[in-house]
Amino acid sequence: MSLTEQKIGKALVVGAGVGGIRAALDLAQSGYKVTLIEKEAYTGGILAKLDRQFPTDRCGMCKMLPTIERDAVSQHCLRRGLFHENIEILTGASLLALEGTPGHFSARIQENPRWVNADLCTGCGLCEQACPVEIKNPFNQHMGLCKAIHLPSPHAIPNSFVIDTAACTRCGACEKVCPTGAIRISWQDRERFRILVVDDELIVRSSLEAWLTKEAGFSAETAGSGEEALELLAKSSYQVMLLDIKMPGMDGMEVLAKAKEISPDTAVVMMTAYATVETAVEAMKIGALDYLVKPFDAESLLPKINSLYEALQLSTARKLDVGAVVLCGGVSYYDPSTGKDTFGFRSLKNVVTSLEFERILSSCGPFEGKLLRPDNLKPVRRVAFIQCVGSRDIGMNADFCSSACCAFAVKEARLAVEQSGGEAEAAVFYMDMRTYQKPLEVYCQQAQGQYGVRFVKSRVHSVIADKNNDCILRYPSPEDGSMQEESFDMVVLAVGQRPAKGARKLADMLELPVNKAGFFETLPFFCCQTEKPGIFVGGSFTGLKDINETLICASAAAQGASLAIHGAGGGLAPVARAVEPDPEALRAHPSVFVAVCTCGNRLGKVADEKALAQKLKYQPWVKEVRNFARICTRDGYNELVDVVKKSGANRLLLGTCLPHLHESRILALASALGVDRACVEVTDTFAPAGRDEQQGDKSPFPGSSEVLGTLLGGIARLKRARPHALPSMPVIRRALVIGGGIAGMTAALAIADHGFGVDLVEQTQKLGGNLCWIKRTIEGYETALLLEETLGRVEKHPLITVHTQARVLGATGSIGSLTSRVADNSGEHTICHGVCIVATGANEAPVEGFGYGLDSAVMTQKEWEIALAQNSQDASSLETVVFIQCAGCRRKDRNYCARVCCATTLKQALYLKEKNPSADVFVLYRDIMAYGQMESFYTQARRMGVIFIPYKKDCPPSVEKKDEGLFVSAFDPILQRDLCISADRVILAAGLAPELPAELAEGLGIQIDEHGFSKEAQFKWQPVESSTSGFFACGTVLGPRNISESIATAGAAAERALAVLSRESIVGGRISASVRPSLCSLCERCIEACPYGARALDEEKEKILVNPALCQGCGSCVTACPNGASVLEGYLREQMLETIDAAFA
Amino acid sequence: MIPKERPFIEPDKFHDLEGVQKMLASCIQCGTCSGSCPNAFAMDVTPRTLWRMVLTGQKEAIFQTRTFILCSSCYSCTLRCPRGLPLTEAMSALKQIASREGLAPYKASTRFYKSFLDSVRRHGKVREGEMMTLYFLSMKNPLLPLQFAPLGLRLMLKGKVGAPFPTRGKRPLESLFNKVMQLENNP
């Protein structure tokens, strides 16, 4: 049906967390084929484990699903799974090798073996009941128990079981009970895996041999010396050699070198004492695969050998030709038990990490969503959150801030209070509350005001348990520094981010650099681009990001990948999809084929299959009823297609379990049968049957009537189904970009480079925005080069039309066809375009107080920056400079953090110290927002001798002008005394205020948030979309951000806009609303009811129009319409009423 | 009032303070050191406050506190510091300044240290009786021995204070001490 074969471009996305899903969806929506690979057995990454997110305290992951071309993707909870016709998902797969150039990469993917065949597994759970081995549940962060054979995530669809091979005893119990024969544990095959153990100590040899053979079932032989080992190697082949380094005579290194000559295919694992670890690392350079540090036990050896076995013997590799690669490997989290400061983690039961706490709050977590103490399962009444565990800790090689934990902790504190019905008290112990995300400042204030969360600015020194297992926290009082002890039921550690497992290996393989902390390095100003063209880093793989930034970076990386494919000759293929249904089929009398899946004999246990078939057969529209053993398996599916084709029926009803699972296949099924998609229906026959079973109905067939009811309902819906042509509307393939700053220019270039025209409107005389006065970033990058290059490209680009000194007056129309009025010096023009990107930016906020205006020596950051650039200030002559933070923002009138001013202050303070090391530089601050890698500059500033003095919001510093000069007074909470600093210069961090006039927003029809910035459709999940479809925003107009972050949003906005521009027309969804004009009284109630603004009144034709690109098929209009004139295809009134009748039959 | 107390350090007799400031520069005043310190209960200001005083250059205030002189060099703070700062070394550096300059508030402590080392220098190990005699003599306070009498008696009863045995050989650690002095004078 879709012309997917025509698509030229193909991309590989590594990692299927939210970042990977976002990047894959973006690329798929622009028409590329995407292969999405994931190491774990489920998609969703960390987010699969988080039920609710800041700032809505709900999950909104499904908001990532496309709103146009809805039928390409199955519209259900994204945490359960992702089905897009252009996306192929491989779980348990990793990237082994990559060769080639942009547009023509060849990737080798390794797929791990699955002991449970996903094609055969029906998820019935019999194996889980049979399995005798209990392990700690990995999905619940090792809290609670599950079996060695278990579901990898509780909600995924399809959800096939996986086996923890390290814990599995291979008893075979699951294999015996599996009704579909999906489980295959090849015990015998393991014997063919031969291992050679080489060690001079007999005890080591014999115990290793015993572990490897008796416990793990491999074959093992031993050798007492290097010479003996080489003889054995020459005689027969071994898959693995475990080789000791220190042996008398020939040592391990020598044996390794010779063994590589004799038997190059044998994988060598070195065994080493702690003292010779460096030698082992050397050994890896000359061909050893891995090393083990002695002493080790079976628990640490066997998983390693197991994974070697799986990788060497069972995994399969496949080759993929792709045009570009997006790496979205995500992050891992710090384990406090490995650090010097454990805060009682692992030794005290009631100390958990933030991720564990999240699982405790989850309804599918270890305590089913009840907030209980892990030690005695009593309700938690007092919970403490300790921030910066494994972040901002130079001693732990963590000279960075993990950026997301402050929001994470505040959210968890609010949820804890909420879930306990307000009975729990929460306290957050923090160093700086980094509320730098736009909504977080207010969110935090709400936590304090409405939820009573206590915020204590203090670093907890230690956590100890008393005799009741309560956690006693010791911390210096933020007031006077005296030591306090306080008791809590539970302590939650905000664990910091670390590079994802395997990130280093991937970087080495791709020959890409990583930074000191191990995160991927990216190019200056472009936080998604690597040194190698065609390879992009998206999501949180570069580390230290929250969801909002993760998604922005994922989209920006997708944009880069899209451009790489496009530039190499791959194109965005047009998607022509409006297929007219066959008129014959429309007129044909409905004849329904009912296929009932019995799932082995599972259905037979609850419903009388024969009686069921008998009753259904006499329904007037039913052609044939047939039972199938298993439709979900490949064989079952093929049989179904054959039988239905032969029967001559033109509609098909499936009665199965898990209808979601089949939804992704219906499209393929419909085209295999040669019928319209509307003629195939799936109903869930097992859920209602199972319900009765649970209620304890003891009759022989407790579920018969329910199953019959659901099937009759399905027949009712099918017989009224109307195959129809999908409505579509053409797209004007041009974009309007408002604002000529770096974000606007970048977005314009990204779109124009894909071959679409762009109008770039700038209100001032020249392009460049804030980059015209910012000269240098804190990292030391010159902005002039960036500006020059971008300007040059914009001006030369044949597809970009620049309108300077121009204003946009307003826009009419809707996504795909918008008309805007633009006024410039020559008068008013009209521009037609399909999408609009708003990038009007922000400027320094006005300042009041803090002595501003008293003296020319009191200036704002911008004034100071400009003065320095013009050389009107001599930085080296200044003796004392005082910076005052939060002078314009985080106050009543601008209640958000401007995020860039702390970095600017650090930059300027470092500059002053560099020019004059003996200068005294003071920074008066509330919280230093040195998030992410910025933390290292904060450290550097401290090292250079900058003095930081915190002040409280209600006790701001004052600036006075006296005869002797300027004096700044502030209170130092540590010294507990007032300080009075005579200053040569006072520099105020004014912050940023948006440049989005209300008239412009109103004219465009986009919403403004409470601070005056452009409002995102959803802060977290739709960060660059405006609430009005077809409008996107990027740069500082969305909220304060620095240059590289602005550039990333520009890429993201362009990528989303390209999803619209890449098609010639937007095709509406199969389930969308329409109006019967003959019944319509033009009361316009439906227009008000529509939450998507999809309806409008055509006054000339006296008709209500439905915009197919906007309608999401929610049905609000149908309920609002008093005449039944508004109808929703697929949910017609007759269909619904008959379904209800059938259910009560 | 800072204005006349700064610039932080005048290059006079407290010039070593600059070195201590460098050691502590990246301190974030988190207070982990105060929490770790087993002697904090006896200190008049906590270690955190002391570091703040050092960083803000309040030399007069620093050398009126008892904090650094009460440091028993257990290294707990150094171990726990999230910034990895050499806090115990900083304490020692302050002690050295106090001792070298003979600052009045630390007279008793510095003389006690000196007596201890004098005894060690002479015999290669400490002789409690001799050390205390040297200490009392240096303090020039006739009433002082009386204050220590009960403690001395208890220690003697437990056999903790041995009788002075003649030392074998002369000044066994002399060359070591000389070397250290030489190094200190020509760093």
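Reply: A:Gly600 is partly exposed, because 15 other C-beta atoms lie within 10 Å of its own. Burial is judged by counting: a residue is buried if 20 or more other C-beta atoms lie within 10 Å of its own, exposed if 12 or fewer, and partly exposed in between, with the C-beta atoms placed from the backbone. This is a predicted model, in which local features need pLDDT of at least 70 and side-chain atom pairs count only at pLDDT 80 or more, while totals for chains, interfaces and linings use all residues. Residues are numbered from 1 along each chain as its sequence is written, and chains are lettered from A and ligands numbered from 1 in the order in which they are written.

As for its place in the chain, A:Gly600 sits in the loop between strand S28 (592-597) and helix H16 (602-606) of chain A. Helices (H or I, at least four residues) and strands (E, at least two) are DSSP runs, numbered from the N terminus. Leaving out residues up to four places away in sequence, A:Gly600 touches A:Pro179, A:Ala629 and A:Arg630. Two residues are in contact if their C-beta atoms, placed from the backbone, lie within 7 Å. A:Gln484 is 116 residues from A:Gly600 in sequence, and their C-alpha atoms are 65 Å apart in space.

A:Gly932 counts as buried, because it has 23 C-beta neighbours inside 10 Å. Its contacts, not counting residues up to four places away in sequence, are A:Phe400, A:Cys401, A:Ser403 and A:Leu544. A:Arg630, one of the residues that A:Gly600 touches, is 302 residues from A:Gly932 along the chain, with 51 Å between the two C-alpha atoms.

Of the contacts in chain A between residues at least 6 apart in sequence, 71% join residues at least 24 apart.

Strands S45, S46 and S47 form an open sheet of 3 strands in the order S45-S46-S47, with antiparallel pairing. The edge strands, each pairing on one side only, are strand S45 (958-962) and strand S47 (977-983) of chain A. From one strand to the next, the twist averages 25 degrees; axes are lines fitted to C-alpha atoms, for helices over the stretch in contact, and angles run from 0 to 180 degrees between N-to-C directions. Two strands pair if DSSP finds at least two bridges between them. Strand S46 (residues 965-972) of chain A is joined to S47(A) by 7 bridges, and these strands run antiparallel. A:Phe967 stands opposite A:Ser982 in S47(A).

Strand S50 (residues 1016-1018) of chain A pairs with S51(A) in the antiparallel sense over 2 bridges, and a hairpin joins these strands through 3 residues. A:Glu1016 has A:Ser1026 in S51(A) as its bridge partner. Strand S51 (residues 1022-1026) of chain A is largely enclosed by the rest of the structure, because 4 of its 5 residues are buried.

Chain B has 10 helices and 0 strands. Of its 187 residues, 32% count as buried. Its domain assignment gives domain 1 (16-101) and domain 2 (106-185); such bounds come from an automatic or database domain assignment. The centres of domain 1 and domain 2 of chain B, taken over C-alpha atoms, are separated by 27 Å.

Where the chains meet, the contact takes 28 residues from chain A and 30 residues from chain B. Helix H2 (32-36), helix H3 (47-55) and helix H5 (76-80) of chain B each supply at least two residues of the side of chain B that touches chain A. H3(B) gives the most to that side, with 5 residues.
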